[in-house]
Amino acid sequence: MTPPALTAADSRTLYALAEEFTAARRRLDAARRTGDGLPALTAASHQLQSLGRLVGSLTDEVLFRIAEPGRRTPQERRAVGVIARTAAPAARALEQFAEAYEQLGLLYEYAGHLANPDLADMRNSAVNVIHDRLDQARAALQDASHALHLEADRAGAVLPRTVAARSRTTVPNSSASTDSTPTRPDPAAPATGHVPRHGR
């Protein structure tokens with residue numbers, strides 16, 4: 001069964017959400033550009049806060065669409081379903097990053113202790129866990145961004161040409177992405193995790 005087409009406004013919202021996940025992945029990559037590839041605890045704290053707000057922005061979008069009583073069109077229900085499904089990879093990213101954050105806290109706690117074999121083993125184990133969890137968090141963020149881009153692209157493909165052209169020209173171009181997935185002409189929301197609601 002062919003899913004109903006999303007509206008131009010909902011397509012722009014999906015692009016904005018996708019760019020938020022892409023921005024979160026970029027911040028994670030930037031924080032790991034250190035000698036040992038571990039983010040500083042300060043940067044990780046801000047990132048964890050940001051990821052929590054980003055997950056919250058998904059539920060905000062869903063609640064915004066279902067808060068008012070009354071029947072919903074198939075297009076409206078489709079938008080709700082797409083956004084709600086994104087909560088799964090978003091939550092995975094948050095969970096994996098939180099586990100890395102726990103280990104960063106452990107390293108911080110024992111940083112002032114005298115070196116000994118047990119401490120060295122603990123640190124090596126923690127570093128390995130951190131790298132693994134950060135890789136998993138990065139992959140989950142990319143999954144969320146890719147899924148949202150895919151749905152928005154599908155919506156754009158079936159929109160009338162005049163509507164699609166208008167939606168492209170009313171939003172400034174975003175900066176180029178380093179992802180293999182091309183960025184879309186909707187600006188990324190701020191790092192606070194707030195996603196602007198377009199066309200409402």
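Q: Why is Glu151 called buried?
A: Its relative accessible area is 13%. Buried means under 20%, so Glu151 is buried. The model is a predicted one.

Q: Where does Glu151 sit?
A: Glu151 lies in helix H5, which covers residues 117-158.

Q: What makes the pair of Glu151 and Arg154 a polar contact?
A: Their side chains come to 3.0 Å. The cut-off for N or O atoms is within 3.5 Å, so the pair counts as a polar contact.

Q: Which residues does Glu151 contact beyond its neighbours within four places in sequence?
A: Glu151 contacts Leu6, Leu14, Arg78, Val82 and Arg85.

Q: Why is Leu14 called buried?
A: Leu14 has a relative accessible area of 2%. The limit is under 20%, so Leu14 is buried. Its place is in helix H1, residues 8-31.

Q: What does Leu14 touch, leaving out residues up to four places away in sequence?
A: Leu14 touches Leu6, Val82, Ile83, Leu148, Glu151 and Ala152. Leu14 and Ile83 are 69 residues apart along the chain, yet their C-alpha atoms are separated by 7.8 Å.

Q: Where is confidence lowest, and where is it highest?
A: Helix H6 (residues 161-169) is lowest, at a mean of 41. Helix H4 (residues 87-109) is highest, at 97. Over residues 158-192 the pLDDT is below 50, though this stretch has 61 contacts in the model beyond near neighbours in sequence. Where pLDDT is low, predicted coordinates should not be read in detail.

Technical notes
Residues numbered from 1 in each chain as written. Predicted model: local features only at pLDDT ≥ 70, side-chain atom pairs only at ≥ 80, totals over all residues. Heavy atoms only, no water. Helix = DSSP H or I, 4+ residues; strand = E, 2+ residues; numbered from the N terminus. Buried < 20%, exposed > 50% of the residue type's maximum accessible area, 1.4 Å probe, protein only. Polar contact = N/O pair within 3.5 Å; in protein donor to acceptor, adjacent residues only side chain to side chain. Contact = heavy atoms within 4.5 Å. pLDDT = per-residue confidence, 0-100.
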